[in-house]
Amino acid sequence: MTETLTDTRPIRLKGRSFLAIQLSPELPFDNWLARLDDLARRSTGFFLGRPIVLDVEGLDLDQDQLKDLIAELGERGVRIMGIEGARPSILGLGMPPAMRGGRPAADFEPPAETLSEPAAEAGKAPEGEASVLERPAEVKPAATRSEPVRAMPSLIVDRPVRSGQSIIFPEGDVTVLGAVSSGAEIVAGGSIHVYGALRGRAMAGSVGHSEARIFCSKLEAELVAIDGLYKMAEDIDRRLVGQPVCVSLDGETIKADLI
């Protein structure tokens, strides 16, 4: 029996990029999972509902070890959407697909509630993001006299950022004219300026910009990170809490200084 196609319009296929966290596990996995548990415990909901790419490049493991690792992550609510750097021989049926070609981008998923058009556009970026757990800083060459220095774009948020909101701007700096509530997060490719209390999470230099800074009028953050290296609230010097502070990266160490 031959069917007649009544609708001749073609099916439209589009490409779309989504932001993902890249996790780079280390052997032995038990130790690495313990550190992951520590991060998840100290920053509740950090991985909840976020797309995750697992980078296993350079690891000497077999298919069973990879399956066990994916299962361990699943028990922790960490859902793997793809695997990078895996040999084809260790990928089997029912496992996440192989992924390649990812580029560093902002850490997290597009915001559920958008404050402005630039923030909405910032959610559309290439896949792949370095882990906030262990990625060393990248040093980029400075511009020479023959190379024009391009001004970094900036996003100004002219209201407080409420709990549950995410502001993601991988193209440059983010300035918030108000407080950032606990449970909110700011992710910027450049520096972050908060003219108010910073009580949520602030991740600057998310595209590999180790010279980025975090400035705030009052430091009460749950987490601060620059270029993938992070410091939790309990790791911050108590003398700096409630004070105007500049957070920067010194090698592979997060440091905070009074402004």
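1. The structure is a predicted model. The protein exposes about 14,300 Å², of which carbon and sulfur atoms supply 51%. Of its 259 residues, 44% count as buried.

2. As to secondary structure, the protein has three helices and 15 strands. Among contacts with a separation of 6 or more, 47% are made by residues 24 or more positions apart.

3. Helix α1 comprises the 14 residues 29-42.

4. Which residues of α1 are buried? They are Phe-29, Trp-32, Leu-33, Leu-36 and Leu-39. These residues lie on the same side of α1, because they cover an arc of only 115° around the axis. In general, an α-helix has 3.6 residues a turn, so residues three or four places apart point the same way. On the other side of α1, Asp-30 and Arg-41 are exposed.

5. The buried residues of α1 have several packing partners. They pack against helix α2 (63-75) and against the strands β1 (21-23), β12 (223-226) and β13 (229-232).

6. A search of the whole structure finds eight salt bridges. One of the pairs is Glu-26 with Arg-35, whose closest N and O atoms are 3.5 Å apart. Glu-26 is partly exposed, because its relative accessibility of 33% falls between the limits of 20% and 50%. Arg-35 is likewise partly exposed, with a relative accessible area of 34%.

7. A second pair to note is Glu-72 and Arg-76, whose side chains meet in a salt bridge with an N to O distance of 2.9 Å. Glu-72 has a relative accessible area of 33% and is therefore partly exposed. Arg-76 counts as partly exposed at 32% relative accessibility. Asp-37 joins Glu-72 and Arg-76 in a network of salt bridges.

8. Lys-218 forms a salt bridge with Glu-220, and the closest N and O atoms of this pair are 3.5 Å apart. Lys-218 is partly exposed at 33% relative accessibility, and Glu-220 is partly exposed at 29%.

9. Where is the place of Arg-79? Arg-79 belongs to the loop between α2 and β3 (80-84). Is Arg-79 buried or exposed? Arg-79 counts as exposed, because its relative accessibility is 57% and exposed means over 50%. Not counting residues up to four places away in sequence, Arg-79 touches Arg-50, Ile-52 and Gly-74. Phe-47 is 32 residues from Arg-79 along the chain, and the C-alpha atoms of the two are separated by 8.6 Å.

10. Which residues form a nonpolar patch on the surface? Ile-156, Leu-177 and Tyr-195 form this patch, and together they have about 340 Å² of accessible area. Leu-177 is found in the loop that runs between β7 (173-176) and β8 (185-188). With a relative accessible area of 45%, Leu-177 is partly exposed.

Methods
Residues numbered from 1 in each chain as written. Predicted model: local features only at pLDDT ≥ 70, side-chain atom pairs only at ≥ 80, totals over all residues. Heavy atoms only, no water. Patch = residues over 30% accessible without salt bridge, like charges linked within 9 Å, V, L, I, M, F, W, Y side chains within 5 Å. Areas by Shrake-Rupley, 256 points an atom, 1.4 Å probe, with all protein chains shown as cover. Salt bridge = Lys/Arg side-chain N within 4 Å of Asp/Glu carboxyl O. Helix = DSSP H or I, 4+ residues; strand = E, 2+ residues; numbered from the N terminus. Buried < 20%, exposed > 50% of the residue type's maximum accessible area, 1.4 Å probe, protein only. Expected span 1.5 Å × (residues − 1). Arc of directions from axis to C-beta. Contact = heavy atoms within 4.5 Å.
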